Amino acid sequence: MQKKATFKLLALGAVAVLALSGCSAAGNGGQMLDKLGDPEKTVSLLGWPGYAEDGSTDPAYDWVTPFETETGCDVTFKSYGTSDEAISLFKTGDYDAIAASGDATLRLIAAGDVQPLNTSLLQNYDGVYDFLKDRDFNTVDGKNYGVPHGYGANLLMYNTEEVSPAPTSWSVVFDGASEYKGKVTAYDSPIYIADAALYLMTHSPELNITNPYALDEDQLAAAVELLKAQRENVGEYWSDYLKAIQAFDTGDTVVGTTWQVIKNYLAADTPAAVVLPEEGATGWSDSWMVSSKAKSPNCAYLWLDYIISPQANAAATEYFGEAPATPDACQYGSEGFCETYNAGDTEFESQLWYWTTPTEKCLDGRTDVKCTDYAKWTTAWQEVKG
Amino acid sequence: MVNAVGKAEVERPSLAHRISTTLYSKPKLRLRLLLSAPVTWLGLVYIAALLALLVTAFFTVDSFTGEIKPGFSLQNFTDLFTNSLYSTVTLRTIGIALGVTIVDVLIALPIAFYMAKIASPRTRGILLISILMPLWASYLVKAYAWRSVLSNVGIAAWLLRPIGLDTPGYSLLGAGITLGYLWLPYVILPIYASLEKVPSNLLEASSDLGAKTFTTLRKVVFPLILPGIVAGSIFSFSLTLGDYITINIVGGASQMLGNLVYGNVGVANNLPMAAAIALVPVVIMFGYLTAVRKTGALDNL
């Protein structure tokens, strides 16, 4: 009897070891794929909220289920609120692919967290806007690491009953913010410093800021000063977009920076409008990248190919409120979709300041000064919040 | 041969039998084995985690790639002590923790006294259940409930506006109220438990000897329930010290120490700095417990 029990234990142990080794037998070591293999059945994605809707938020928005049926790859999706959160989540190695903005992509590439892409394996890649391909935020040393998802601007949202006249400038959240003391909101991330810098580009020309992501010590100090003054009037900062939605719905927040998707999620009776202020705006251009530790690289490639297919790309980018990555998406979106977001308008596109990671080497080409890097921005941001 | 083998089988006791014989004759070994599992757990989970925290605090981070670089650097501690941000937030956090603790104890004392000494067994049962009931709901649910209570269009505003006041809104005060609500059961229960142990005839004797109610409370009851009050205050103080969720939900734009830790982990991806900041509440709690120990209140816990 005893021997039998021991044997049972041994057998159990062996099963456990087998199961564990099954888990670790994955990944392709971060090498570029030569050809696609069989899909792995599951794929784990990380992205901004609303980037992979499976109908659970609203049955009318579902572009994940068709992908699952078509490829047999079961999608698990996790959304994040800031690029920094995305990076720390992605570093766990639990995700096969990520939709990252320009302030995260370079850091992921530098850290070796993503693998170079073989774009010839993506049938829909030819259709993508040329001006989004091989940009400095998705290509390093001639190697392409990301396929474009879409791009857009950080907009100004305001409560149409409380805020009048309708704002056309960011000054409503900076110099004129005291009028709405306690009801102003701002994005809770160091990258928001660029919004202040963008405002200073127009309103304090003597500072000579030419790129909101290339700030020397003095320029950063000016932006921080502006943000500290804004802090007095801020009711709360948001990085959790659900919190932003709720605060706007209850009227605790009446004006502040936002994404189109937040406006879309607001209750129907909330009187709110969004505007692209005259100073221009910071924005983002997002790329889907494949993890160097991907357990399902084939499914990840299939997803990348799927999300830039005109129909899926139209659904995803229109839902979030941004311009699609491919002109063919325009015919699948609703009437006027591409016009609303100025898709393909390179003139408009060139005025958006895409999120970029600030580095010591000035991004605007200055060589006579050292710029402030992202670590400095992070400290500065914590000081702003106090 | 057959006989010899059979003999050997009889003489050689089974492994389990031999182990049990050894253990029976060696009680100390028995105790050690019994304690080894929980002690390993304590060592690994509590002590090792704390040590890892301490060690990590000396590492640095590559600001661009976010990779942690092991090594020995005092930079994090230099920042911690020279940057006014950290002292401001530390003082604010201690202030909130003290405020919440004092308010909670002041509310808990009369409730606990009523439950232990005055209420009928039936009322006591009802009160006990109603105090424990909020613990059944998730912490997050309660914090979000307060978010809607304190909102611009919430119950607080609806109740207070007619009498000329307004909701505290999402602010430090709002966070303090919410935290005070969240930790109240943890303060009431130990005080109630210690009050229950105070014999009622002591109160009568004190009164017979001419002491007024307040004197009895101060000179007889208070020293006896001090350990209970201290236990409750440790709960509310330490829980407030480490909180970052409530302040995020109802605290408006304000930050506490927990937010700085969270910010360094989640936003800045700077684990070493987060570890250094996380040591601040550890040190404060250590100081608090030492001070409490000096008063002798821990002896009766």
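How are α4(B) and α14(B) oriented to each other? Helix α4 (residues 75-82) and helix α14 (residues 271-294), both of chain B, have axes that come within 9 Å and cross at roughly 50 degrees. α4(B) and α14(B) are therefore oblique to each other. On that scale, angles under 35 degrees are roughly parallel, over 145 roughly antiparallel, 65 to 115 roughly perpendicular, and the rest oblique.

Some housekeeping before I go on. What we have here is a predicted model, in which local features need pLDDT of at least 70 and side-chain atom pairs count only at pLDDT 80 or more, while totals for chains, interfaces and linings use all residues. Residues are numbered from 1 along each chain as its sequence is written, and chains are lettered from A and ligands numbered from 1 in the order in which they are written.

Helices and strands are DSSP runs numbered from the N terminus, with H or I of at least four residues for helices and E of at least two for strands. Axes are lines fitted to C-alpha atoms, for helices over the stretch in contact, and angles run from 0 to 180 degrees between N-to-C directions.

Back to our pair. From α4(B), B:Asn76, B:Phe77 and B:Leu80 meet B:Pro272, B:Met273, B:Ala276 and B:Ile277 of α14(B). Contact here is a matter of C-beta atoms, placed from the backbone, lying within 7 Å. The residues of that contact divide into six nonpolar, one polar and no charged. For the classes, Ala, Val, Leu, Ile, Met, Phe, Trp, Tyr, Cys and Pro are nonpolar, Asp, Glu, Lys and Arg are charged, and the others, Gly among them, are polar.

α14(B) has another partner, helix α3 (residues 27-56) of chain B, and these two pack at about 120 degrees with their axes 7 Å apart. This time the crossing is left-handed. B:Leu53, B:Leu54 and B:Thr56 of α3(B) meet five residues listed for α14(B), including B:Leu271 and B:Pro272. By class, we get seven nonpolar, one polar and no charged residues.

Now for another helix pair in chain B. Helix α9 (residues 172-196) and helix α11 (residues 213-241) have axes that come within 8 Å and cross at roughly 160 degrees. That makes α9(B) roughly antiparallel to α11(B). Their crossing is right-handed, and the contact has 14 nonpolar, five polar and no charged residues.

How does chain B meet chain A? 22 residues of chain B are in contact with 27 residues of chain A. On the chain B side, α5 (84-118) and α13 (257-267) each supply at least two residues, and α13(B) gives the most, with five. That side of chain B has nine nonpolar, twelve polar and one charged residue.

Over to chain A. Its domain assignment gives domain 1 (42-151 + 284-346) and domain 2 (155-280 + 356-385); such bounds come from an automatic or database assignment. The C-alpha centres of the two domains lie 26 Å apart. Their contact takes 14 residues from domain 1 and eleven from domain 2. On the domain 1 side, α3 (83-90) and α4 (102-110) of chain A each supply at least two residues, with the largest share, four residues, coming from α4(A).

Chain A also has an open sheet of five strands, in the order β9-β8-β10-β7-β11, with mixed pairing. β9 (234-238) and β11 (272-275) stand at the edges with a single partner strand each, so one side of each is left without a neighbour in the sheet. Neighbouring strands are turned by 25 degrees against each other on average, direction ignored. Strand β7 (residues 155-159) pairs with β11(A) in the antiparallel sense over four bridges, where pairing needs at least two bridges found by DSSP.

Two backbone details to finish. The peptide bond from A:Ser164 to A:Pro165 is cis, with omega near 0 degrees, and A:Pro165 is found in the loop between β7 and β8 (184-187) of chain A. A:Lys41, in the loop between α1 (2-24) and β1 (42-47) of chain A, has phi near 90 degrees, a positive value in a residue other than glycine. Most residues other than glycine have a negative phi, and most peptide bonds are trans.

Note on methods
A crossing is left-handed if the near helix is turned anticlockwise from the far one by less than a right angle, and right-handed if clockwise. Two residues are in contact if their C-beta atoms, placed from the backbone, lie within 7 Å.
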